[in-house]
Amino acid sequence: MSPGKRSLTAVLLLLVTALLIVYGIDTLRLTSDRGKKIAVVLKTSDIRSEYWRTVREGMELAAKEFDIDIEITGTLSDTDAEGQIRMIGEALAKKPAALVLGVTEPLKLEAATRDVRRAGAKLILIDTDVPGSQPASLVATDHVEAGRLAGRSMIAPQDKETFQVAVLGDRVETSAQVDRLRGLEEAFAETSVVEFLGKHEFGGQEDDAYERTGELLDRYPALRGIVGLNEQATVGAAKAIKERELVGKIKLVSFDSSIYEIKLLEEGVLQATVVQKPFNMGYLAIESAARALRGVKLDPRLNIEAQVITKDNLYTQGNQELLFPLVD
């Protein structure tokens, strides 16, 4: 055999060897998580919470596609931090390889997230970060950008005269609400037609939001816009607006996509709502956990874009799939 042919043969052998090594590593990665379990502790398991029910559906589909076992738990209330801490402890007792957590109250969950790391489980956070938790990844909506989208949705091209806008938010501040408010403030600062009246708090229930909206309408006769930072704020405000026959005179903008908010869009009470993608969030959380178990380095944060839904685009195919995801 000539020297040239020997060199070519050696190169080919090296390439084949390299391919076999890469294939072997990938095979190990693909099979290394078999038999390992992922524990999931949701912010709430209440079936009336459409948002977290949809998150769960995305998780279940991902678990099926990645052929990995998950065990999902969650408290009945989305403010039960103590119950969630107990569930994290119960999950860690079963020695999961990873734990996916939808946080109730970040400051109260700091110690629990440290327990996850000490137990050697990969930590994936969804929706909300926890100070000092150092998760393998945080899968969440960029709530500041969502706030900007909501603020811009309040302003129409034909708006030339200045009008007052108030924000209605829960007394218990979540990081999502804080970020949404920041985005709203940035959007309103971009225009001269909005006189921003700031955030006004209510007790957390729909009836509280209804009463607070009535107070705002009495106090500010020139009020022409309200932003609800969550579903309870929006539905309560809508009730007050309809009762006072101010539909079409008060612009109402919200976040999320409950069946009540969609109905308000159809009725023309709600001008726009900024929708998260909970199904995508749930799916990506389980995919991230599975990848982490295979030794793949994850992005520290996966931002999921929000979508503005109005009466005009409510029935497009893409938005219908977003609002009503179907799972086989």
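1. Three aromatic pairs turn up when the whole structure is searched. The structure is a predicted model.

2. Start with Tyr51 and Trp52. Their rings make an edge-to-face aromatic pair, with 5.2 Å from centre to centre and 80° between the planes. Tyr51 and Trp52 are both buried.

3. Next come Phe66 and Tyr283. This aromatic pair is tilted, with the planes at 55° and the centres 6.2 Å apart. It links distant parts of the chain, as 217 residues separate the two. Phe66 sits in the loop between helix H2 (50–65) and strand S2 (69–74), while Tyr283 belongs to helix H10. Is Phe66 buried or exposed? Phe66 has 19% relative accessibility, which is under the 20% cut-off, so it counts as buried. Tyr283 is also buried, with a relative accessible area of 19%.

4. Helix H10 also holds Ser288; the helix covers residues 278–293. The relative accessible area of Ser288 is 4%, so this residue is buried. Which residues does Ser288 touch, beyond its neighbours within four places in sequence? They are Ile124, Val139, Leu298 and Leu302. Lys122 is 166 residues away from Ser288 along the chain, yet their C-alpha atoms are separated by 9.9 Å.

5. Now the helix packing. Helix H7 (residues 206–219) meets helix H8 (residues 231–243), with axes that come within 7 Å and cross at roughly 50°. That angle makes H7 oblique to H8. The crossing is right-handed. On the H7 side, the contact is made by Glu206, Asp207, Ala209, Tyr210, Thr213 and Gly214. H8 contributes Gln232, Ala233, Val235, Gly236, Ala237, Lys239, Ala240 and Glu243. By class, the H7–H8 contact has six nonpolar, four polar and four charged residues.

6. H8 packs against helix H9 (residues 259–267) as well. Here the axes are 10 Å apart and the angle is about 35°. H8 passes H9 in a left-handed crossing. From H8, the contact uses Glu231, Thr234, Val235, Ala238 and Lys242. From H9, it uses Tyr260, Glu261, Leu264 and Glu267. How many residues of each class are in the contact of H8 with H9? There are four nonpolar, one polar and four charged.

7. Val235 of H8 takes part in the contact with H7 and in the contact with H9.

Notes
Residues are numbered from 1 along each chain as its sequence is written. This is a predicted model: local features need pLDDT of at least 70, side-chain atom pairs count only at pLDDT 80 or more; totals for chains, interfaces and linings use all residues. Side-chain values use heavy atoms; hydrogens and water are left out. Helices (H or I, at least four residues) and strands (E, at least two) are DSSP runs, numbered from the N terminus. Buried means under 20% relative accessible area, exposed over 50%, partly exposed in between (1.4 Å probe, protein chains only). Contact means heavy atoms within 4.5 Å. Axes are lines fitted to C-alpha atoms, for helices over the stretch in contact, and angles run from 0 to 180 degrees between N-to-C directions. Angles under 35 degrees count as roughly parallel, over 145 as roughly antiparallel, 65 to 115 as roughly perpendicular and the rest as oblique. A crossing is left-handed if the near helix is turned anticlockwise from the far one by less than a right angle, and right-handed if clockwise. Ala, Val, Leu, Ile, Met, Phe, Trp, Tyr, Cys and Pro count as nonpolar, Asp, Glu, Lys and Arg as charged, and the others, Gly among them, as polar. Rings of Phe, Tyr and Trp (its six-membered ring) pair if their centres lie within 6.5 Å; planes under 30 degrees apart count as stacked, over 60 as edge-to-face and the rest as tilted.
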